[in-house]
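Trainee: Can we go through this model together? I'd like to start with the ligand site.

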Amino acid sequence: MSAIETDVLVVGGGPAGSNVAYHLARRGHSVLLAEEHGQIGHPVQCAGLVSQRVLDMAGTQKMVLHEVRGATVWSPSLRPLSFKAPGTRAYVLSRSKLDFLLAERAARAGATIETGTKFVGAEVGGEGSEERVVAHLHTALGEDVQVRAKLVVGADGVASQVARAFRLRRPIEILPAFEAEMPFPGGDPEQVEIYLGNTLSPGLFGWWVPDGSGRARVGVGVRPGTGKTALEYYGALCRQIERQYHRPVPPPVEMVVAGIPIGLVPRTSGDRVMLVGDAAAQVKPLSGGGIFTGMRCAEIAAEVAHGALEKGDLGAASLQEYDRAWKGELGEELDRALYLRRIFLRLSDPEMERLLEVLSEREMLGSLVAFGDIDFPTIAARKLLAQSPSLLRLFPKALSAWLRRREELVPDLEAPVARRGRNAT
Ligand SMILES: Cc1cc2nc3c(=O)[nH]c(=O)nc-3n(C[C@H](O)[C@H](O)[C@H](O)COP(=O)(O)OP(=O)(O)OC[C@H]3O[C@@H](n4cnc5c(N)ncnc54)[C@H](O)[C@@H]3O)c2cc1C
């Protein structure tokens, strides 16, 4: 059996893993990135809708396929709420190209990328300055490889084996999702479409994302335990779209079945280990989007890991700085969004209808456009609540409590939030 020495072993070649590998390699650390699939970026498991911040972090726009300016949200009875900004508010990416470009950038910075290489387990061994993680990898050629690393970064997605190997707690909720890509021009190519309702997509929503080439990514995320599969909800959504556009939805070109982790986990670091991205449940609870959060947390993880490697202290107490730092920057938004999600989960279809009716008022639509930000949706939520007492009256207890909690923690909403950057709908 062969053995490899490295400063950092990164497990997973998605956006979070490649970003952490890049930021560590460019600081001069030896990095080995192990990806279980034979090709980076395949299979694709994503609608690829992101904000400008993701392009900024990736340092390129080469993976952008299309730009969108707004959304149409369909109520359970198919009444539309439409809003459109004057300029681009979000980007539709080739997700496989994003992953490829990020891995390529990490490799150019000096990281070694091993595809077809699966992490299967690890233990910490050795004493004092000789202490290392001994990780076990299995290659597609059937070879077992041992890696001795000072640090392991688990960027291995929702079912993280690194988290399991290091006994870090998993997210409580994992939403099954199904998405298909199909040649279907559908509605307005400058808007995404969102479908709400307990019949179509209980627990999250259905989506239709145009990619600018006449194709669309159509999918659903649902709460588990409803007695139906995500595929069945997807079928219902397709029938809905067929009724809406009076033509059959064609068979999919590509399909995705995946899980979306929701909810903060207590620890995303431990002795010689850090988790980033979906492995750490760094996902926006109101949309299930995790590219921005995962990539940003990867930058933070690399910064903390660099300091810890320099000091030679990779113990749990030292790496806990990572938990503090990313939760300090994003934890409040995720926490507020989780609370709003819990309210959303309790809504009946008639209550959702009423909610969208209130949001259709002209001033409310203006605020949605002005403050809508796919990475920080609770900012617009608070604006809307402050603006419309009728919205507050829909769920007086829960929303008043939410506003109070937010005010305690965010005294001045207009103050710049770290790295909030450009707005995106
Ligand atoms: C249907 C769907 C649509 C989505 N749409 C959007 C969207 O529009 N916008 C958005 O921001 N987010 C979206 N998301 C969420 C987004 O896809 C994830 O948040 C994002 O991919 C997380 O990136 P990551 O690098 O943490 O993990 P991943 O992208 O999951 O990458 C993990 C990598 O680790 C590898 N791996 C796993 N186990 C091992 C192992 N044992 N050894 C080696 N390698 C391993 C995997 O092969 C994979 O390449 C969507 C998710 C789903 C399911």
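Trainee: How do the residues of the shell around the ligand divide into nonpolar, polar and charged?

Mentor: There are 13 nonpolar, 13 polar and seven charged residues. Here Ala, Val, Leu, Ile, Met, Phe, Trp, Tyr, Cys and Pro count as nonpolar, Asp, Glu, Lys and Arg as charged, and the others, Gly among them, as polar. Keep in mind that this is a predicted model: local features need pLDDT of at least 70, side-chain atom pairs count only at pLDDT 80 or more, and totals for chains, interfaces and linings use all residues. Residues are numbered from 1 along each chain as its sequence is written, and side-chain values use heavy atoms, with hydrogens and water left out.

Trainee: Which residues come nearest to the ligand?

Mentor: Of the 33 residues around the ligand, those are Glu35, His37, Leu49, Arg95 and Asp278. A residue is near when one of its heavy atoms lies within 4 Å of the molecule.

Trainee: Which backbone atoms lie by an oxygen atom of the ligand?

Mentor: A polar backbone atom of Pro15 is 3.3 Å from a ligand oxygen, and a backbone N or O atom of Ile291 lies 3.1 Å from a ligand oxygen. On the nitrogen side, a ligand nitrogen is 2.9 Å from a polar backbone atom of Ala47.

Trainee: And how much of the ligand does the protein bury?

Mentor: The protein buries 90% of the 990 Å² that the ligand exposes when taken alone. Those areas come from the Shrake-Rupley method with a 1.4 Å probe.

Trainee: Which element gives the most to the shell?

Mentor: β9, with three residues. α1 (15-25), β9 (117-125) and β16 (254-262) each supply at least two. Helices (H or I, at least four residues) and strands (E, at least two) are DSSP runs, numbered from the N terminus.

Trainee: Is α1 covered or open?

Mentor: Mostly covered: 11 of its 11 residues are buried, meaning under 20% relative accessible area (1.4 Å probe, protein chains only).

Trainee: Switching to domains, why does the ligand lie between two of them?

Mentor: Because domain 1 (2-45 + 96-170 + 262-331) and domain 2 (173-261) both give residues to its shell. The bounds come from an automatic or database domain assignment. There is also a domain 3 (333-409).

Trainee: How far apart are the centres of domain 2 and domain 3?

Mentor: 24 Å, taken over C-alpha atoms. Their contact (heavy atoms within 4.5 Å) takes nine residues from domain 2 and eight residues from domain 3.

Trainee: Last one: where is Ser75?

Mentor: Ser75 is in the loop between β5 (70-74) and β6 (80-84). Ser75 is buried, with a relative accessible area of 2%. Not counting residues up to four places away in sequence, Ser75 touches Leu196, Glu353 and Leu356.

Conventions
Polar contact = N/O pair within 3.5 Å; in protein donor to acceptor, adjacent residues only side chain to side chain. Buried < 20%, exposed > 50% of the residue type's maximum accessible area, 1.4 Å probe, protein only.
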